[in-house]
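Good morning, and thank you for making time for this presentation. Please look at the sequence and the structure first, and I shall then go through them with you.

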Amino acid sequence: MSKKNESNDDPVTVEVTVYPRPEILDPQGKAIAGALGRLGFDGIADVRAGKSFRLRLEGVSADEALERAEEMADKLLANTVVEDFEVELVDEEAP
Amino acid sequence: MRCGVVTFPGSNCDHDVYHVLKHVLDREVSFLWHDATDLRSCELVVLPGGFAYGDYLRGGALAALSPIMAAVREHAERGGLVLGICNGFQVLCEAELLPGALRRNRDLRFICRDVHVRVERNDLPFTEGYAEGAVLRMPIAHAEGRYFASEQTLDALDDAGQVVFRYVDADGAEATPETNVNGSEQSIAGVCNVGGNVLGMMPHPERCAEDVLGNTDGLALFAGAVGMAAEGLGVAV
């Protein structure tokens, strides 16, 4: 059995969150803000509608997982002409 | 000239384009399947409208990575003609063969109606059958056709003359992002690459390229692309 770095034994979970860039009109977010207002939630300054991806990556350390997820987001998950993204580790054990 | 029409899973305007090239213009045409790896010596490649791979993630995002697109990219880089219509335009942007991106329409609605576009340059194979500044009537049918590019990119497009079609009113007066049909920046309806051999556009010229359809404004675009611009097909005299 090959000996692996302990941190590489379990898949690492990374969350990639993609949002429309701030300078881009987000009509979906605007429509949602309007609907929230109609439900009685006031004080909504802005809503940006984005999407998120949860990736489980095998055979990598946490740092490598973040680096790979960043590359995936840049190449495919986000279109950086119109979207920004954030990448973070998720502790799946956490409640 | 041999023409190819790419069929992605979900393309639905591929047969319309085939029909125009084959039956209206009498050219040799092949369908090119999305997972093919060569273009079978086609000199004009059309990425048609419709959908592709469910348009999961973003319109055109997964199609841009399909096997045929590697061949399309090579063809484009060699100066070969590539035309992307509607979803095909989205694919070309996602593949970074054209600058910018196509976002949800300003009013979040699918819009299916005739619009007017102005021909901003007529020195491309695709547009040489039109007069410069000609106003064409063409149908659009899309939910994600709002052209966006950074200010820097828009300036570069202007400088290089890469805006080929703009949304205008019937008299040719330009609309604003607030008043144009889908909220596109600078009312852009179609752009080309720096070389002018790759064109993407949201309107559907294949849906207005035959007398029986009541509108032939789109025919000269295909005629130009296959080297028949001089025949003046579909152009009002």
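Which residues are buried in H3(B)? The model before you is a predicted one, and in it the buried residues of this helix are B:Asn87, B:Gly88, B:Phe89, B:Gln90, B:Val91, B:Leu92, B:Cys93 and B:Glu94. That makes 8 of the 8 residues of helix H3, residues 87–94 of chain B, so the helix is largely enclosed by the rest of the structure. After the helix comes B:Glu96, which has a positive phi, near 60°.

Strand E4 of chain B, residues 81–85, is mostly covered, with 5 of its 5 residues buried. How are the buried residues of E4(B) divided between its two sides? B:Leu81, B:Leu83 and B:Ile85 lie on one side, while B:Val82 and B:Gly84 lie on the other, and both faces are covered.

The pairing comes next. Strand E3 of chain B, residues 44–47, runs parallel to E4(B) and is joined to it by 4 bridges. Within that pair, B:Val45 stands opposite B:Val82 in E4(B). Strand E1 of chain B, residues 2–7, is likewise parallel to E3(B), with 3 bridges between them. Here B:Val5 has B:Val46 in E3(B) as its bridge partner.

These strands belong to an open sheet of 9 strands in chain B, in the order E2-E1-E3-E4-E11-E10-E9-E6-E7, and its pairing is mixed. Which strands stand at the edges? They are strand E2 (28–33) and strand E7 (135–142) of chain B; each has a single partner strand, so one side of each is left without a neighbour in the sheet. On average, and with direction ignored, neighbouring strands of this sheet are turned by 25° against each other.

Is B:His116 buried or exposed? B:His116 has 22 C-beta neighbours inside 10 Å, and the threshold for burial is 20 or more, so B:His116 counts as buried. Leaving aside residues up to four places away in sequence, B:His116 touches B:Val135, B:Leu136, B:Arg137, B:Val168, B:Asp169 and B:Ala170. B:Glu132, by comparison, is 16 residues from B:His116 in sequence, and their C-alpha atoms are 14 Å apart in space.

Now for chain B as a whole. Its secondary structure comes to 5 helices and 11 strands. Of its 237 residues, 56% count as buried. The C-alpha atoms fill a box of roughly 45 × 45 × 30 Å along the principal axes. How does the radius of gyration of chain B stand against that of a compact globule? For 237 residues such a globule would have a value near 18 Å, and chain B has 16 Å, which agrees. Among contacts in chain B between residues at least 6 apart in sequence, 73% join residues at least 24 apart.

I turn to chain A. An open sheet of 3 strands has the order E2-E1-E3, with antiparallel pairing. Strand E2 (51–57) and strand E3 (83–90) of chain A are at the edges with a single partner strand each, so one side of each has no neighbour in the sheet. From one strand to the next, the twist averages 20°. Strand E1 of chain A, residues 12–20, is joined to E3(A) by 8 bridges, and the two run antiparallel. Along that pair, A:Thr17 stands opposite A:Glu86 in E3(A). Helix H2 of chain A, residues 62–77, packs on the sheet and touches E1, E2 and E3 of chain A; its direction makes about 35° with that of E1(A).

Finally, the contact between the chains. How many residues of each chain are involved? The contact brings 9 residues of chain A together with 12 residues of chain B. On the chain A side, helix H1 (residues 27–38) gives the most, with 3 residues. By type, the residues on that side of chain A are 7 nonpolar, 2 polar and no charged. H1(A) itself has 12 residues and reaches 17 Å from its first C-alpha to its last, close to the 16 Å expected at 1.5 Å a residue. A:Gly40 follows H1(A), and its phi is positive, near 100°.

Notes:
Residues are numbered from 1 along each chain as its sequence is written. Chains are lettered from A and ligands numbered from 1 in the order in which they are written. This is a predicted model: local features need pLDDT of at least 70, side-chain atom pairs count only at pLDDT 80 or more; totals for chains, interfaces and linings use all residues. Two residues are in contact if their C-beta atoms, placed from the backbone, lie within 7 Å. Ala, Val, Leu, Ile, Met, Phe, Trp, Tyr, Cys and Pro count as nonpolar, Asp, Glu, Lys and Arg as charged, and the others, Gly among them, as polar. The expected span of a helix is 1.5 Å times one less than its number of residues. The radius of gyration is taken over C-alpha atoms; the globule rule is 2.2 Å times the number of residues to the power 0.38. A residue is buried if 20 or more other C-beta atoms lie within 10 Å of its own, exposed if 12 or fewer, and partly exposed in between; C-beta atoms are placed from the backbone. Two strands pair if DSSP finds at least two bridges between them. Axes are lines fitted to C-alpha atoms, for helices over the stretch in contact, and angles run from 0 to 180 degrees between N-to-C directions.
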